[in-house]
Amino acid sequence: PGMRVDIGNALERVATPGVPEDALDRLDDRVADAHARIEEGRANNEHGYEALNLPGTVDTDEIRAAVKPFADSEYLLNVGIGGSALGAATLSAGLESDVEAYYLDNVDPEWVASILEEVDLSRTAVNVVSRSGTTAETLSNFLVVRDAMDDAGVDWTERTWVTTGEEGNLRDLAEKHDLPSLKVPDGVPGRFSVLSTVGLAAAALQGHDIDAIVEGAAAAEADLTPSLYDSPAYAYGAIAYALDVRGAGTNVMMPYEESLETFAEWYAQLWAESLGKDGLGQTPVRALGATDQHSQLQLYRAGPNNKMVTFVRATDREDTAIPETDLEGLSYLGGSSLGGLLDAEFEATEASLAAADLPNVRIEIDSVDEYGLGELLYSMEAATVMAGELYDVDTFVQPAVEWGKKAARGLLGGGDFEEADAVAEKTTLT
Ligand code: PA5
């Protein structure tokens, strides 16, 4: 049946804050206007809106061809950060593969060193991903990886491809060494790039069916209609916005699948970096069911009522039976399954939050496979764009993130950036 979004537990008659039904109808008019704006942006290939066109524009043949020379790889090192890592990482975490993927999205030296020790560099493909081609963490990590390959007697030029924009240090490097390269589409910001060369090349290298990912996304794209009552993605974006303005300033993203844990991380970036502007935005929090029922849930249910929780699950999954036992008090588990238990936990937690007045939303896909992930990722992007229209913020820019990038560069002597002065001005109290 495709992805489903159930907003029943976000209504005022269930939860506080909750959205009254007449307010939802009024919001639906705003959704129609926002949809028209989004369609206009898409039709004109405006920056950012273009990301929602990717199901129709991405060239999966080109991506498959680019990774073909690396088909002998047992490991993938994706060197990139933020939007240049999390989409591909979400697909890697969601789908099983014999090619083990590592995401070098931090410059913690001990961690980087431990990964480089773990992989056989002669059987490793390196994907250096940076839209701007200038990000310090990414280029530094790449220089470290390149050096490690040299030390191991591996020709890094044979094992590396780059994914970057038209210009920048990385593009120059690719040209200098004649490295295979993929282009990041111009109008697609990092955190919206999972369905482009940025997210799909790693998936192709890992042997995943990237056409099925795009098909799932295209199904979600076809569901973008002018009404939140007919469009799961818009329903999610609109209800999260409406809950936020009523006091749910925190949005806990809580998948009940280990394979979707990275999805919550991807979502947190998308939501926070797109909507956190002009004093507005809802704080995303990453959680995992059932694990976090035994930790954070205490706060969600009994702490300040300023949150919404988003539950995500797949309805079809491989299951494991729980063996029968005659241990006293545990016999109820026998004959059930781990999946059955997980579903019971999911539904019980959802109901328990509603009983405590806390708004929550349920998102379901059929299964965590290529198609399901394509649907889910595209839908959350569309939800974010819808929310951005409702907040009236500039969804596709990230000046606060750029500020930090410049400050770090300035500190390292990579240019004269006034942002770096803030470090010297720090107030210290010891
Ligand atoms: O979404 C974004 O714009 C950011 O998270 C970027 O993806 C991140 O800063 C990495 O930038 P780049 O791809 O230019 O190296």
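**Entry 1: ground rules and confidence**

I number residues from 1 along each chain as its sequence is written. Because the model is predicted, I take local features only at pLDDT of at least 70 and side-chain atom pairs only at pLDDT 80 or more, while totals for chains, interfaces and linings use all residues, and side-chain values use heavy atoms, with hydrogens and water left out.

I looked up the confidence. The mean pLDDT of the protein is 96, and 100% of its residues reach 70 or more; pLDDT is the predictor's confidence in each residue, from 0 to 100. For the complex, the predictor gives an ipTM of 0.97 and a pTM of 0.97.

**Entry 2: the ligand**

Which residues are closest to the ligand? I found S84, S130, R131, S132 and T135, out of 14 residues that surround the ligand. A residue is near a molecule if one of its heavy atoms lies within 4 Å of it.

Next I checked polar contacts, meaning pairs of N or O atoms within 3.5 Å; within protein, one atom must be able to donate a hydrogen and the other to accept it, and residues adjacent in sequence count only if both atoms are side-chain atoms. An N or O atom in the side chain of S130 is 2.6 Å from an oxygen atom of the ligand. For T135, a polar side-chain atom lies 2.5 Å from a ligand oxygen. For Q269, the distance from a polar side-chain atom to an oxygen of the ligand is 2.7 Å. The ligand taken alone exposes 390 Å², and the protein buries 93% of that. Accessible areas come from the Shrake-Rupley method with a 1.4 Å probe; for residues, only the protein chains shown count as cover.

I then went back to S130. It sits in strand β4 (residues 124–130). Helices (H or I, at least four residues) and strands (E, at least two) are DSSP runs, numbered from the N terminus. Is S130 buried or exposed? S130 counts as buried because its relative accessibility is 2%; buried means under 20% relative accessible area, exposed over 50%, and partly exposed in between (1.4 Å probe, protein chains only). A polar atom of the S130 side chain also lies 2.9 Å from the backbone nitrogen of G133.

**Entry 3: salt bridges**

How many salt bridges does the structure hold? I noted 22, each being a side-chain nitrogen of Lys or Arg within 4 Å of a carboxyl oxygen of Asp or Glu.

I looked at three of them. E21 forms one with R13, with the closest N and O atoms 3.0 Å apart. E21 is partly exposed at 38% relative accessibility, and R13 is exposed at 64%.

R64 and D61 form another, at 3.0 Å from N to O. Both lie in helix α3 (residues 60–67), 3 residues apart, about one turn of the helix. R64 is partly exposed at 33%, and D61 is exposed at 55%.

R317 lies in the loop between β9 (307–314) and α13 (338–355) and D343 in helix α13, so the pair ties together parts 26 residues apart in sequence. R317 has a relative accessible area of 26% and is partly exposed; D343, at 22%, is partly exposed. R317 and D343 also belong to a network of salt bridges that includes R4, E257 and R313.

**Entry 4: aromatic rings**

I counted 13 aromatic pairs. Rings of Phe, Tyr and Trp (its six-membered ring) pair if their centres lie within 6.5 Å; planes under 30 degrees apart count as stacked, over 60 as edge-to-face and the rest as tilted. F70 and W161 have ring centres 5.1 Å apart and planes at 35 degrees, so this pair is tilted. F70 lies in the loop between α3 and β2 (75–79) and W161 in strand β5 (residues 160–164), so the pair ties together parts 91 residues apart in sequence. F70 is buried at 2%, and W161 is buried at 0%. Y236, F263, W266, Y267 and W271 form one aromatic cluster.

**Entry 5: backbone details**

I noted a cis peptide bond between T16 and P17, with omega about 0 degrees. P17 is in the loop between β1 (4–6) and α1 (21–43). The peptide bond from G289 to A290 is cis too, with omega near -5 degrees.

N45 is not a glycine, yet its phi is positive, at about 50 degrees. I place N45 in the loop between α1 and α2 (54–57).
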